[in-house]
Amino acid sequence: MIKDLFKYIFIVLIIYSTQIENSISQVLELSLKEMTNESNRIFIGSVIKVNSSLDNNKQYSTYTEFNVENVIKGEINKTIVIKQFGGKIGKKQIYLEHIKYFKVGENVLVMLYPESKLGFTNPVGPRWLAG
């Protein structure tokens with residue numbers, strides 16, 4: 001009985017470690033040159049406001065407002081608001097693991113992908129490949 005228990009635990013650990021390795025191997029790192037090329041806007045700034053709500057298409061959306069201190073690429077005003085998929089509304093929340101969500105008070109260098117047709121954008125970073 002105890003041998004069977006140890007055998008079961010061993011099998012579960014092997015399966016679990018294989019899943020972790022597969023998850024890690026699904027991330028594609030980008031070089032600084034690739035990140036810069038894929039960005040349409042790059043700036044240094046501080047996060048001054050973050051709020052989540054449903055957008056016009058009933059999608060969970062997080063709106064982050066930045067005070068822009070230095071524009072590196074693109075045309076950007078002194079303040080910019082970006083829209084990201086996901087957020088927390090009441091007790092319900094939807095967040096994507098691979099996306100950087102910002103917090104008020106952070107001072108950040110931001111490289112943004114171009115906006116989607118629905119107005120969403122995200123910081124340029126690692127890509128998650130389909131497994």
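Modeller: This is a predicted model. Along the sequence, the protein reads α-β-α-β-β-β-β-β-β-β. That pattern comes from two helices and eight strands.

Colleague: What makes strand 2 and strand 3 a pair?

Modeller: Two strands pair if DSSP finds at least two bridges between them. Twelve bridges join strand 2, residues 41-54, to strand 3, residues 60-73. They therefore count as paired, given the cut-off of at least two bridges. The two strands run antiparallel.

Colleague: Which residues face each other there, F43 for instance?

Modeller: F43 has V71 in strand 3 as its bridge partner. S52 stands opposite T62, also in strand 3.

Colleague: What is the strand order in the open sheet?

Modeller: The order is 4-3-2-7, four strands with antiparallel pairing. The twist averages 50° from one strand to the next.

Colleague: Why are strand 4 and strand 7 called edge strands?

Modeller: Each pairs on one side only. Strand 4 covers 79-85, and strand 7 covers 107-112.

Colleague: M111 lies in strand 7. Is M111 buried or exposed?

Modeller: M111 has 10% relative accessibility. Buried means under 20%, so M111 counts as buried.

Colleague: What is M111 in contact with, leaving aside neighbours within four places in sequence?

Modeller: Its contacts include L32, M35, T36, S39, R41 and I42. N122, P123 and V124 are also among them. S39 is 72 residues from M111 in sequence, yet their C-alpha atoms are 5.5 Å apart.

Colleague: How much of the protein is buried?

Modeller: Buried residues make up 28% of the 131 residues. The accessible surface comes to about 9400 Å², and 58% of it belongs to carbon and sulfur atoms.

Colleague: Among contacts between residues at least 6 apart in sequence, what share joins residues at least 24 apart?

Modeller: The share is 57%. The M111 and S39 pair, 72 residues apart, gives one example of such a separation in sequence.

Key
Residues are numbered from 1 along each chain as its sequence is written. This is a predicted model: local features need pLDDT of at least 70, side-chain atom pairs count only at pLDDT 80 or more; totals for chains, interfaces and linings use all residues. Side-chain values use heavy atoms; hydrogens and water are left out. Axes are lines fitted to C-alpha atoms, for helices over the stretch in contact, and angles run from 0 to 180 degrees between N-to-C directions. Buried means under 20% relative accessible area, exposed over 50%, partly exposed in between (1.4 Å probe, protein chains only). Contact means heavy atoms within 4.5 Å. Accessible areas come from the Shrake-Rupley method with a 1.4 Å probe; for residues, only the protein chains shown count as cover.
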